[in-house]
Amino acid sequence: MATENSSAKRWLPLEANPDVMNQFLWGLGLSENEAECYDVYGLDEELLAMVPQPVLAVLFLYPITAQSEQERMLQDKDKQESSSKVYFMKQTVGNACGTIGLLHAVGNVTSEVKLRTYAIAVVLVDGSFLDRFYKSTASLNPLERAVFLEKDSEMEVAHSVAATAGETEASDNVDTHFICFACVDGQLYELDGRKSAPICHGTSSPSSLLQDAAKVIQGMIQKNPGSLNFNVIALSKKDGGAF
């Protein structure tokens, strides 16, 4: 979970654990009645069908390898046009990718970012950390958002509490990385703070987001057949919702 434009600051990594992520998000201002994280136990249709709908975003943990680093650098050279309505931020704090993945997930479906009309939106607790964070960073560019996060002591403390709440012993020596997939204006975007911009993977919709992200994820897993360090987590809206 290193960074491309890393500061000297490093956090403990966030565990790929829905319970940890839920407590983290709910404590920061995502209402427990609004959304919840769930494990995705497999990428075939039967297992994807078990994930509560509608899915708001998909988080993917994968190993950093020489091949993945080469692909990242090639993608950064091949500049893509992305919708200005995508909420995207860079990562400048070491091991902050789990938190940034969650900020990408919520930031692209919250009504607090006044960028577009959401097919499915979540409402944040008024005055909460997330409410204030998105309102403060809505007009900033991706690097400015990263710097804002880096200087925010409240988030650093909350992340530290969440990072030590998992089932595995926390260590800052890791070689895995979190990214987020979100649907914005009918397109599937890969949101990775270590890349220079969002990566568009083609058309998508709120109703097909999970399946569309699963196809991209399967391709990434196939490139690293010898690794078991993969994890998929879905952020789903509670009590159904309308597409």
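Start by selecting Phe 60 and Tyr 62: both are buried, meaning under 20% relative accessible area with a 1.4 Å probe and protein chains only (over 50% would be exposed, in between partly exposed). Before moving on, know that this is a predicted model, where local features need pLDDT of at least 70, side-chain atom pairs count only at pLDDT 80 or more, and totals for chains, interfaces and linings use all residues. Residues are numbered from 1 along each chain as its sequence is written, and side-chain values use heavy atoms, with hydrogens and water left out.

Next, show the rings of Phe 129 and Phe 133. Their centres are 5.7 Å apart and their planes sit at 20°, so this pair is stacked. Rings of Phe, Tyr and Trp (its six-membered ring) pair if their centres lie within 6.5 Å; planes under 30 degrees apart count as stacked, over 60 as edge-to-face and the rest as tilted. Phe 129 and Phe 133 are four residues apart in helix α5, which puts about one helical turn between them. Helices here are DSSP runs of H or I with at least four residues, strands are runs of E with at least two, and both are numbered from the N terminus.

Move over to helix α6, residues 142-150, and pick out Arg 145, Ala 146, Leu 149 and Glu 150, which are buried. Look down the axis of α6: the buried residues fall within an arc of 140°, so they line one face of the helix. That arc is taken from the directions from the helix axis to the C-beta atoms. What covers them?

Colour its six strands and you'll find an open sheet in the order β1-β6-β2-β3-β4-β5, with antiparallel pairing; strands pair if DSSP finds at least two bridges between them. At the edges stand β1 (35-39) and β5 (199-203), each with a single partner strand, so one side of each has no neighbour in the sheet. Finish with Ala 182, which stands opposite Tyr 189 in β4.
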